[in-house]
Amino acid sequence: MINNRHIVITGFLQNIATPNGMDKVYMNLLNFQDRNTTVDMKVWNSHWKEYARFIERTGPSHYDKHDIRCYCYSWGCGYGFVRLAKELRKLGIKIKYAVFSDPVYYPGILKYRALFNLIKEPVITIPDNVENVYYYRQNTNRPKGSVCVAEDTVKTKIYDLGILPGVIHQSMDDSPYFRDQCLKVAQHSRSNHDRTNNHHPKN
């Protein structure tokens, strides 16, 4: 049984075959892996329905005992994470924490909307089975990070950690600020997974 999961989700144009900044996040998180804790690396457009079922099947029988933390970049936030959260919600499973680096809204078939934002600045709506989201953005180039909003502000707390000046989108997955926040959330998970959710990692 896997009680604790750290899930790394790559960005658009990234995959597990080529090196990228999310590799460092993944390698750092491996320090927390043990018989009850797993670390997974997923590409942004993975088969999220099947993966959610896998989490359900291999996790604790009581859904409130799941301790799931996600670390995401670009479309890994705006598409991958949102899809995973929605699939887990169907199963009654929550995500306790997520850390985003330059989350980019996924527009479906209107892909170039995310690149140029010609119509309106899009926002990413976080499903109500997510408890806490921390995120950094940049506005140096496009695609630039989208604002994240909670579907339910009572169930979901969102912490906008600010805009990183002078950093382009293509480097945001390698930001030391992002990696540090990922470690804070991971360390909090390891030492506090049996406590209540009233304790949050400090920024």
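Is D102 buried or exposed in the predicted model? With a relative accessible area of 0%, D102 is buried. The residue is placed in the loop between β4 and α4, and its phi is positive, at about 45°, although D102 is not a glycine. A positive phi is also found at S74, which is likewise not a glycine and has a phi near 55°. S74 belongs to the loop between β3 and α3 and counts as buried at 4% relative accessibility. A further backbone feature occurs at P143, where the peptide bond from R142 is cis, with omega near 0°. P143 is situated in the loop between β6 and β7 (147–150).

The overall fold was examined next. The chain contains 5 helices and 8 strands, which follow one another along the sequence in the pattern β-α-β-α-β-α-β-α-β-β-β-β-α. Of its 203 residues, 49% count as buried. Among contacts with a separation of 6 or more, 80% are made by residues 24 or more positions apart.

An open sheet is formed by 6 strands, arranged in the order β2-β1-β3-β4-β6-β8 with parallel pairing. From one strand to the next, the twist averages 10°. In general, strands of a sheet pair through backbone hydrogen bonds, in either a parallel or an antiparallel manner. In the present model, strand β6 (residues 130–137) runs parallel to β8 and is joined to it by 5 bridges. Within these two strands, Y134 of β6 stands opposite Y159 of β8. Helix α2 (residues 48–58) packs on the sheet, where it touches β1, β2 and β3 (67–73). The direction of α2 makes about 165° with that of β1.

One reaches the backbone oxygen of T18 at 3.1 Å. In the other, at the start of α1, a side-chain oxygen of N20 reaches to within 2.9 Å of the backbone nitrogen of M22. Leaving aside residues up to four places away in sequence, N20 touches Q14, N15 and D173.

Within α1 itself, G21, M22, V25 and L29 are buried. These residues cover an arc of only 100° around the axis, which puts them on the same side of α1. An α-helix has 3.6 residues a turn, so residues three or four places apart point the same way.

F12 is partly exposed, with a relative accessible area of 38%, while W75 is buried, with a relative accessible area of 4%.

Another pair is formed by W44 and Y106, whose ring centres are 5.8 Å apart and whose planes stand at 50°, so this pair is tilted. The pair links distant parts of the chain, 62 residues apart, with W44 in the loop between β2 and α2 and Y106 in the loop between β4 (95–101) and α4 (111–116). W44 counts as buried at 10% relative accessibility. Ring pairs link F12, W44, W75, Y79 and Y106 into a cluster. The loop between β4 and α4 thus holds Y106 of this cluster as well as the buried residue D102.

Notes:
Residues numbered from 1 in each chain as written. Predicted model: local features only at pLDDT ≥ 70, side-chain atom pairs only at ≥ 80, totals over all residues. Heavy atoms only, no water. Polar contact = N/O pair within 3.5 Å; in protein donor to acceptor, adjacent residues only side chain to side chain. Contact = heavy atoms within 4.5 Å. Pairing = 2+ DSSP bridges. Helix = DSSP H or I, 4+ residues; strand = E, 2+ residues; numbered from the N terminus. Axes fitted to C-alpha atoms, helices over the stretch in contact; angles between N-to-C directions. Buried < 20%, exposed > 50% of the residue type's maximum accessible area, 1.4 Å probe, protein only. Arc of directions from axis to C-beta. Phe/Tyr/Trp six-rings, centres within 6.5 Å; stacked < 30°, edge-to-face > 60°.
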